[in-house]
Each structure stands twice: as C-alpha cells, then as structure tokens.
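Hello,

Here is the structure I promised to pass on. Please open it first, then read my notes below.

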Amino acid sequence: MESQVRGGGPTATGAFATGTAADGPGTGARRPPAPQLRRRLPRADLRAVPEARRALRELLRQWGPPDGSDVAELLTSELVTNALVHTDDDAILTATVSPSGLRVEVRDFVPQRPRPRVPEAAADTNGRGLVLVESLADAWGVCAHEVGKSVWFELTGAQAA
C-alpha cells in the first residue's frame, strides 16, 4: 500500500492504528469496536455526496464536538464525488473513528489510480479534489485491490473531530 503523508513523498504504511501497544495480544484488554460508517454509493448518483456528508457528521457527533467536522466532510465529499464521477460502478464509503483520529476510504471497482492535478484555468472548478485531500489530510493514499482500489485519508486529533 502507498500513502502520502503531508510534507513527504509516498511511504509504505500498514493498517490505520486504532490502539496502543498496551492493547496488544496478551494484555487481556478488550476495546469496544471503533465507531464506523459504511455506505454503498449508487453509481453516478451525486445525491450520495450530501448524504455521505450528513452521515459522517452524525458519526463524528457521536465521537466528539461536531464543530470541527468541516475538513472531514469536505475531504469525504471530494473522494465520494471522484468515485461517482470517474467510474462506472457503485462505490463503498467507510469511515472509522479511533482514539488517534479518523480514517475515511472510498472503494471503487476501477483499477485506474487517481492523480492530483492542478487545474489549468482559474475559472475551472474541476480537478481540485485530490489537491485538497493532499493539502488538508494528515495522510492519504491509494490502496489497490484485486478488483479496483480504495482512496483514503486520515485526520488525527482535533482536526478529525
């Protein structure tokens, strides 16, 4: 899996950490499952974008103060829109909250990898989604699957709430 960390190039990473070493095997500590949102996004149905924002806002409200969810909602909107506009199939949105932050991923079933690009014209409103993700997320990346890929981002601490 490749990821993009703010201020650096692609790096290899493992799964999003949801616990600490103290929670590891042999400690006997059991943690409740992380709050999670999982939604199927119908093909080319852009009504799913505001619905995804509302669902994410509700998930974050259960986790903490809702006033800081603007960045998370914006970035989620960008990933959902990209999946619905640039693919010909459904997509799946998954958002997971953990003590260390928020991870949002949108899986589609098309193998082409997205690339951030700077729009050519100042009036052009397209092409800014991944540039926003790259600049606002603490980490982001693309994970290839046997069929398709997931584009994901992570927000940590106060930025995630």
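**What I found**

S6 and S7 form a hairpin, with 4 residues between the two strands. In that turn, Gly 148 has a positive phi of about 90 degrees. Please keep in mind that this is a predicted model.

The S6–S7 pairing is antiparallel and runs over 6 bridges. Within the pairing, Gly 141 stands opposite Trp 152 in S7. S6 is mostly covered, with 5 of its 6 residues buried.

Next, S4. This strand is mostly covered too: 8 of its 8 residues are buried. In general, side chains in a regular strand alternate between the two faces of the sheet. In S4, Ala 91, Leu 93, Ala 95 and Val 97 point one way. Ile 92, Thr 94, Thr 96 and Ser 98 point the other way, and all are buried.

S4 has two partners here. S3 runs antiparallel to S4, and 6 bridges join them. Arg 39 stands opposite Leu 93 in this pair. S5 also pairs with S4 in the antiparallel sense, over 7 bridges. There, Thr 96 stands opposite Arg 103 in S5. A hairpin of 2 residues links S4 to S5.

Now the helices. H1 and H2 pack at an angle of about 145 degrees, and their axes are 9 Å apart. The crossing of H1 past H2 is right-handed. On the H1 side, the residues that meet H2 include Ala 52, Leu 56 and Leu 60. On the H2 side, they include Ala 72, Val 80 and Leu 84. By class, this contact has 9 nonpolar, 3 polar and 3 charged residues.

Ser 77 sits in helix H2. Is Ser 77 buried or exposed? Its relative accessible area is 7%, under the 20% cut-off, so Ser 77 counts as buried. Leaving aside neighbours within four places in sequence, Ser 77 is in contact with Val 49 and Arg 53.

Last, the core. Nonpolar side chains tend to be buried together in soluble globular proteins. The largest nonpolar core in this model has 30 residues. Leu 56, Leu 102 and Phe 153 have the most contacts inside it. Elements that give two or more residues to this core include helix H3 (129-136) and strand S7 (149-156). H1 gives the largest share, 7 residues.

Phe 153 is worth a look on screen. Not counting residues up to four places away in sequence, Phe 153 touches Leu 75, Leu 79, Leu 102, Val 133 and Trp 140, among others.

Best wishes

Definitions and conventions
Residues numbered from 1 in each chain as written. Predicted model: local features only at pLDDT ≥ 70, side-chain atom pairs only at ≥ 80, totals over all residues. Heavy atoms only, no water. Core = buried A, V, L, I, M, F, W, Y, C linked by side-chain atoms within 4.5 Å. Buried < 20%, exposed > 50% of the residue type's maximum accessible area, 1.4 Å probe, protein only. Contact = heavy atoms within 4.5 Å. Axes fitted to C-alpha atoms, helices over the stretch in contact; angles between N-to-C directions. Left-handed = near helix turned anticlockwise from the far one by under 90°. Nonpolar A, V, L, I, M, F, W, Y, C, P; charged D, E, K, R; others polar. Pairing = 2+ DSSP bridges.
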